[in-house]
Amino acid sequence: MTSNTLAMIQAYLDGGSGSTMEQIIMKQAYGDIVRLTAERDAAWLKIGRIQNEIDCRVQHGAESNGHLEAILAVFKQESKW
């Protein structure tokens with residue numbers, strides 16, 4: 001969806017149609033989408049690394065009284081969204 005939205009905004013901007021205010025708003029929207037997409041991707045990478053670390057510790061028998069297993073279950077459940 002994001003790439004389609006960005007392509008539509010870029011086509012609008014390339015066409016040069018619309019008022020100056022519309023152009024400013026579309027440029028801001030384009031920049032915001034790119035920035036937020038990058039932030040989301042970085043967050044998912046970080047979550048993936050945390051999940052892998054927890055999974056590794058659980059597999060190697062880290063003493064956690066069930067806490068690591070519970071956190072890992074939350075990560076696995078949320079990654080299905």
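This is a predicted model: local features need pLDDT of at least 70, side-chain atom pairs count only at pLDDT 80 or more; totals for chains, interfaces and linings use all residues.
Of the 81 residues, 12% count as buried.

**Overall fold.** Switch to a cartoon view. The protein has three helices and zero strands, so the order from the N terminus reads α-α-α. Now show contacts between residues at least 6 apart in sequence: 34% of these join residues at least 24 apart.

**Colour by confidence.** The highest mean in the protein, 88, belongs to H2, and the lowest, 74, to helix H3, residues 67–78.

**Select residues 20–59.** This is helix H2. Its 40 residues reach 58 Å from the first C-alpha to the last, close to the 58 Å expected at 1.5 Å a residue. Within H2, pick out Gln23, Gln51 and Ile54, which are buried. After H2 comes Gly61, with a positive phi near 75°.

**Select Met21, Ile24 and Ile25.** Together these side chains make a nonpolar surface patch of about 320 Å². Ile25 lies in H2.

**Select Asp32, Arg35 and Glu39.** Salt bridges link these residues in a network. Start with Asp32 and Arg35, whose side chains meet at 3.8 Å, N to O. The two are three residues apart in helix H2, which means a separation of about one helical turn. Then move to Arg35 and Glu39, where the N to O distance is 3.1 Å. This pair also lies in H2, four residues apart, about one turn of the helix.

How exposed or buried are the members of this network? Asp32 has a relative accessible area of 25% and is partly exposed. Arg35, at 41%, also counts as partly exposed. Glu39 is partly exposed as well, at 44%.

**Select Arg40 and Asp41.** Here is another of the three salt bridges in the structure, with the closest N and O atoms of Arg40 and Asp41 3.1 Å apart. Arg40 is partly exposed, with a relative accessible area of 40%. Asp41 is partly exposed too, at 37% relative accessibility.

**Last stop.** Return to helix H3, residues 67–78, and keep its mean pLDDT of 74 in view while looking at it.

Definitions and conventions: Residues are numbered from 1 along each chain as its sequence is written. Side-chain values use heavy atoms; hydrogens and water are left out. Patches are made of residues with over 30% relative accessible area and no salt bridge: like charges are joined within 9 Å, nonpolar side chains (Val, Leu, Ile, Met, Phe, Trp, Tyr) within 5 Å. Accessible areas come from the Shrake-Rupley method with a 1.4 Å probe; for residues, only the protein chains shown count as cover. A salt bridge is a side-chain nitrogen of Lys or Arg within 4 Å of a carboxyl oxygen of Asp or Glu. The expected span of a helix is 1.5 Å times one less than its number of residues. Buried means under 20% relative accessible area, exposed over 50%, partly exposed in between (1.4 Å probe, protein chains only). Contact means heavy atoms within 4.5 Å. pLDDT is the predictor's confidence in each residue, from 0 to 100.
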